[in-house]
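Dear colleague,

I am handing over the structure below, together with notes on what was found in it. Please read the notes with the coordinates open beside you.

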Amino acid sequence: MMDNRKPNLFDLDLSGLSDLLSLQGEKPYRARQIWAWTFKRFAAAFDEMTDLPASLRQYLANSTNYRRLDLLRVQEGEGRWSKKYLWGTNGLPVCESVLLKYAYGLTACLSTQVGCPVGCAFCASSGLGFQRSLQRGEILEEFIGMCRDQGIRIGRIVFMGTGEPFLNYQEVLGAIDILSNPHGYGLSRRRITVSTVGIPEAIRRFARDSRGARLAVSLHAASDKVRDRIIPYNRRFPIEQVISALKDYALLTRQRVTVEYMLLGGVNDSLAEAERLVSLVSGMDLLVNLIPWNEVPGLLFKRPEPQKVLEFRGRLERNRVKVTVRRSLGGGIDAACGQLGLGEEER
């Protein structure tokens, strides 16, 4: 059983790890060795770090925790295009992450909280309630655990699992810093995307802090009337405020933003809604990513008709709005967008 009084190695940045080792008279290069084993070779235990002195490995095993999360279950989707990972502590589930396989490579979808405080009506995680935010080390463990399972590097990361990343801002940004550090995982920040429901001041803050990391906003409606119904957070931050923050973000970063739009049959998939969306984003450099809703047991929404998706997309394209339709992966294992909820048997 993990001793919570000990520091978790995954929570330490390189400077913090160097400071810890210096108390034992170790040189700074030892910290870089440990990081190489952790973030480049995906070591599962200190014993695997064979170029460290045995005495140092023993000290680390006695004085720190190496991994807080255990892999409780892996499910593989049809055609091996997706995998869902359930992570836990002491046998109890904590969070899920998803590996998505595309022609261009692997993408990891990471959770940032245990449960979600936002409560989107169409999302399985709304039934979990909110328990706590994940620590930086736990977020990193999700990702490195997936790399370890695959035995290779994963080339892209999206923070689109359970939770609102901007309500766990410091831990998410801390994880990104380590993942992009050349001594850590060494991933380009441009291959990392953070998805938010739309918290204006956090969006503006991220514009200053992102340093190349990408932004996606879960808009899902083009009017407050519709968005209030499906995203309760809209009552705190109406669409006008979110769009204003996006314009500020684009002006400061010169980056294209992705707007995620979950299509719900009979709710927000009409041509009238498409026209409202065109008016909303007109003149902005962004990509609208249409996501036909993935069914969640117990929720009364329905997936839009394929013709409705085509018509909605066509209306955007005719008005020169850049648009894609997201390919659904992981639906058979409840791992598609909006379906993460730890599974009924785990609740």
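**Notes on the sheet, the helices and the core**

Strand β1 is joined to strand β2 (residues 82-89) by six bridges, and the two run antiparallel; strands are DSSP runs of E of at least two residues, helices are DSSP runs of H or I of at least four residues, and both are numbered from the N terminus. Within this pair, Glu 76 stands opposite Lys 83 in β2. Two strands are said to pair if DSSP finds at least two bridges between them.

Before going further, please keep in mind that this is a predicted model, in which local features need pLDDT of at least 70 and side-chain atom pairs count only at pLDDT 80 or more, whereas totals for chains, interfaces and linings use all residues. Residues are numbered from 1 along each chain as its sequence is written, and side-chain values use heavy atoms, with hydrogens and water left out.

The β1-β2 pair belongs to an open sheet of 10 strands with mixed pairing, in the order β1-β2-β3-β4-β7-β8-β9-β10-β11-β12. Its edge strands are β1 (70-76) and β12 (322-325), each of which pairs on one side only. From one strand to the next the twist averages 25 degrees, where axes are lines fitted to C-alpha atoms (for helices over the stretch in contact) and angles run from 0 to 180 degrees between N-to-C directions. Helix α4 (residues 136-150) lies across β2, β3 (92-102), β4 (105-109) and β7 (156-159), and runs at about 130 degrees to β2.

Further along the sheet, strand β9 (residues 214-218) is joined to β10 by three bridges and runs parallel to it, with Ala 216 standing opposite Thr 258 in β10. β10 and β11 also pair in the parallel sense, over seven bridges, and Tyr 261 has Leu 290 in β11 as its bridge partner. β10 is mostly covered, since six of its seven residues are buried; buried means under 20% relative accessible area, exposed means over 50%, and partly exposed lies in between (1.4 Å probe, protein chains only).

Leu 286, in strand β11, is buried, with a relative accessible area of 4%. Leaving aside neighbours within four places in sequence, Leu 286 is in contact (heavy atoms within 4.5 Å) with Arg 256, Val 257, Val 259, Val 281 and Lys 322. The C-alpha atoms of Leu 286 and Ala 216 are separated by 9.6 Å, although these residues are 70 apart along the chain.

Helix α9 (residues 271-281) has as its buried residues Glu 273, Ala 274, Leu 277, Val 278 and Val 281. Seen down the axis of α9, these fall within an arc of 145 degrees, so they line one face of the helix; the arc is that of the directions from the helix axis to the C-beta atoms. Among the elements covering them are α7 (224-230), β10 (257-263), β11 (286-292) and α10 (306-318). After α9 comes Gly 283, whose phi is positive, near 85 degrees.

The largest nonpolar core has 106 residues, of which Phe 122, Phe 143, Tyr 185 and Val 288 touch the most other members. The largest share of this core, seven residues, comes from helix α5 (residues 169-180). A nonpolar core here is a set of buried Ala, Val, Leu, Ile, Met, Phe, Trp, Tyr and Cys residues joined through side-chain atoms within 4.5 Å.

As for cysteines, the structure holds zero disulfides, a disulfide being a pair of cysteine sulfur atoms within 2.5 Å. The sulfur of Cys 123 is 6.3 Å from the closest cysteine sulfur, in Cys 120, which is too far for a bond. Cys 123 is buried, with a relative accessible area of 16%, and Cys 109 also counts as buried, at 10% relative accessibility.

Lastly, Arg 30, placed in helix α2 (residues 28-40), is buried, with a relative accessible area of 12%. Beyond residues up to four places away in sequence, Arg 30 touches Leu 21, Asp 51, Leu 52, Pro 53 and Leu 56.

With best wishes
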